[in-house]
Amino acid sequence: MLICPQCQFENPNHHKFCQKCGYSLTQKSCGECGLTVAINDLDCPHCGTRTGTVWLAIISSSLVASQDDSISDIAENSASSEEIDRLRGAITQIPEETQTEIDIIPGTTPVELELELTPDQISADDENHQESVDSVASETSDQRMWVSAVFDAREIPPSDALQSSTGDYSSELESESSADLSLEKGMYLDENQRYQLIESATLQPGKMVTVPVLDTQPLQMSPLQAAPALLSSSEKMDVFVIAAAQAYFTLATQFQEHFPLLQDAWKSDQYTVVLLEDFSEFPTLLDKFSDQQTSPQQILDWLEQMADLWEILENFQMRQSLLELTNLRVYPSFPHSICLQQLYAESENYTLSLFDLGEVWKALVEKSQRTLFGSLTQLMRDLCEGKIETIAQLQDQLREVREEFYSSSTEPESLPISTPTRIQLDQEDDTDLGILKANSAPTVPDINQLFHLQAVGATDIGRKRQRNEDSFGVQTIIHEQQTPQGRILEAKGLYILCDGMGGHAGGEVASQLAVDTLKQYFQSQWTGELPSREMIDDAIVQANSTIYEMNQQAVRSGIGRMGTTLVMAIVVDHQVAIAHVGDSRLYRLTRSQGIKQVTVDHEVGQREILRGVTPEVAYTRPDAYQLTQALGPRDHNFVKPDIQFLKIEEDTVLILASDGLTDNDLLEIYHGTHIDPLLDPQMDLNVAVHQLIQLANEHNGHDNITIIVIRLLVLEKPKSNAD
């Protein structure tokens, strides 16, 4: 099926235009000059801009023997009980206790490293060897003999232990170069002729090559993208994802800000291929360390991330990935987040410790010629001297350094940088929106008195859909008191909007389940104060689990799994908590700043923009509008909601909306006629909401339309003489 890059509709492979919206499935526009180019062109013929979809291919020989491989396994070109594909260490191993039927070939047993020999290669003087040869020869149909030879892997280079499984050896071993495999520019790596080499390379036994490839069928889903439900458990992943790619798949889905996306992976007779996002053009961490514009707070943030990644990668035996300086990258326009270009497995002959991490930190400081502040310098010294023995101790000490820095900083720009999962806004927007950087709900000083809170929600099926898959919930509670000092208003509200995933069976069920679960959760757990980050996250996890379990019980798979987006606002007097998953949005309207989008869509195109890709290029991707997060299709490990806290200092309108309203920048274009008047207390919100739905039907209409408008008006305190 071809996924339309405009509306995400699934089309038959032979179609040239989308059945739903008419968008071309064979051509697209160059993001630089606007020329129409073929969808599988590598570069624009007019301006040379890269227009094709390019992946990074890690290629290694499939027919490689190691000390853990059985000879029968190699002869059948199948995985051994502890498969090691030798992607220069960028491979995960399958523990014996988690082996599946596909990992074990019946009738084989692990043996030590063995070399294939002919009778002529064994000295006739060695009777023991000859007896062994005769014994084995009598049991093999093709008269090939296998003689076991025990080697210490540390005494021979890796290539010496990697031999071909086809053909007999001559009286002397062939030279290493005779087994080289030429990978010519323009050749296809796969039998479907989809992934085409952009550069030539030579694949040697025991070696790995990394080359860019062009995706000539970019609108076609890869097998891994087509069946996400089949990968929801480790047992199923063992069957559908080759061992060489399992660590990439798990890490990229759970920690997408740090690891490259896994596009595809397969094993052929000649080689193993793992296709990844290409981070090779990203700046290295060393380059950013050396930049004198990089603040000490940024450096501290990177070190904290490396400590967290050390703990994560330990579970995969991939900590070596953090010890290769050229492997450490930084997102160009998301500079507080480290990413790893690829994974490297740890050596079996050397046990890594935090000392090794300390040596990398020391190298970063020395090569960058940076001078760090005292407490961080002492921490590095303790790490290199072995005084910090556990990752928990290191993380605790890094937090202490951050707290020390926080308490000693007075300027706003000196405050520590928040965690990389936080929505990154520019400094001006960050200040204007009043975003509070605390990890849990902060205590906001009483700035101005809230004297009005009103909310209205509505939904419409639109003009093209057969059913409405959107759901919403509006709950507002107001307690008003009259005192000698005046009127006191205590208000709180819960506002939830969910957009059932288009094209997914039961989208309307998923959206309603999410709304109901969240309402029930906060009804039982919410005491009146603004919920903490942890409470909000727990509520969303429960909503996801409710939908996920229904998918599991119904044995739904692939696009049959129902799901939903979520955007939610929780109001307590002057404080607002915002959470979202997916591409439903929240906007904020004030007189001083106008209308501003607060949330950032969880979709592929926006993710690419955060990584430094220009919007024009990011949204030429065929999967640009595909969601990177949603509630329901996968378990809680794949749901990472963005949670923010705002403070209300002036009259404010919050708008929660599904993409049926926000598509084509409708709110930004018509803010003067339909949005700005919402701040007027005389404006009837019911009328305004239905006018917005009418506007969406006139200019969009292709999807369901749902909107919640929340108006918060404040009574400003009179300024004192000191002010």
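Predicted model: local features only at pLDDT ≥ 70, side-chain atom pairs only at ≥ 80, totals over all residues.

Colleague: Which strand is joined to β5 by eight bridges?

Modeller: That strand is β11, residues 208-215, which runs antiparallel to β5, residues 53-61. Individual partners can be read off here as well: L56 is bridged to P212 of β11, and I59 is bridged to V209 of β11.

Colleague: What is the strand order of the open sheet?

Modeller: The order of its five strands is β9-β11-β5-β13-β12, with antiparallel pairing. Strands β9 (195-197) and β12 (262-267) each have a single partner strand, so they form the edges and one side of each lacks a neighbour in the sheet. From one strand to the next, the twist averages 30°.

Colleague: Is β5 mostly covered or mostly open to solvent, and how many of its residues are buried?

Modeller: Burial is judged by relative accessible area, with under 20% counting as buried. By that criterion β5 is mostly covered, eight of its nine residues being buried.

Colleague: Let us turn to helices. At what angle do α8 and α9 pack, and how far apart are their axes?

Modeller: Helix α8 (residues 354-368) packs against helix α9 (residues 374-384) at about 135°, and their axes are 8 Å apart. To classify such an angle, one notes that over 145 degrees would count as roughly antiparallel and 65 to 115 as roughly perpendicular, with the rest oblique once angles under 35 are set aside as roughly parallel. The two helices α8 and α9 are therefore oblique to each other. Their crossing is left-handed.

Colleague: Which residues make the contact between α8 and α9?

Modeller: From α8 the contact draws on L354, F355, L357, G358, E359, W361, K362 and V365, and from α9 on L379, M380, L383 and C384. By class, the residues of this contact comprise nine nonpolar, one polar and two charged.

Colleague: Finally, where is E281 found, and is E281 buried or exposed?

Modeller: E281 is found in the loop that lies between β13 (271-276) and α6 (285-290). The relative accessibility of E281 is 71%, so this residue counts as exposed. Sequence separation and spatial distance should be read side by side: E281 and Y331 are 50 residues apart in sequence, while their C-alpha atoms are 9.7 Å apart in space.

Notes:
Residues numbered from 1 in each chain as written. Heavy atoms only, no water. Pairing = 2+ DSSP bridges. Helix = DSSP H or I, 4+ residues; strand = E, 2+ residues; numbered from the N terminus. Axes fitted to C-alpha atoms, helices over the stretch in contact; angles between N-to-C directions. Left-handed = near helix turned anticlockwise from the far one by under 90°. Contact = heavy atoms within 4.5 Å. Nonpolar A, V, L, I, M, F, W, Y, C, P; charged D, E, K, R; others polar. Buried < 20%, exposed > 50% of the residue type's maximum accessible area, 1.4 Å probe, protein only.
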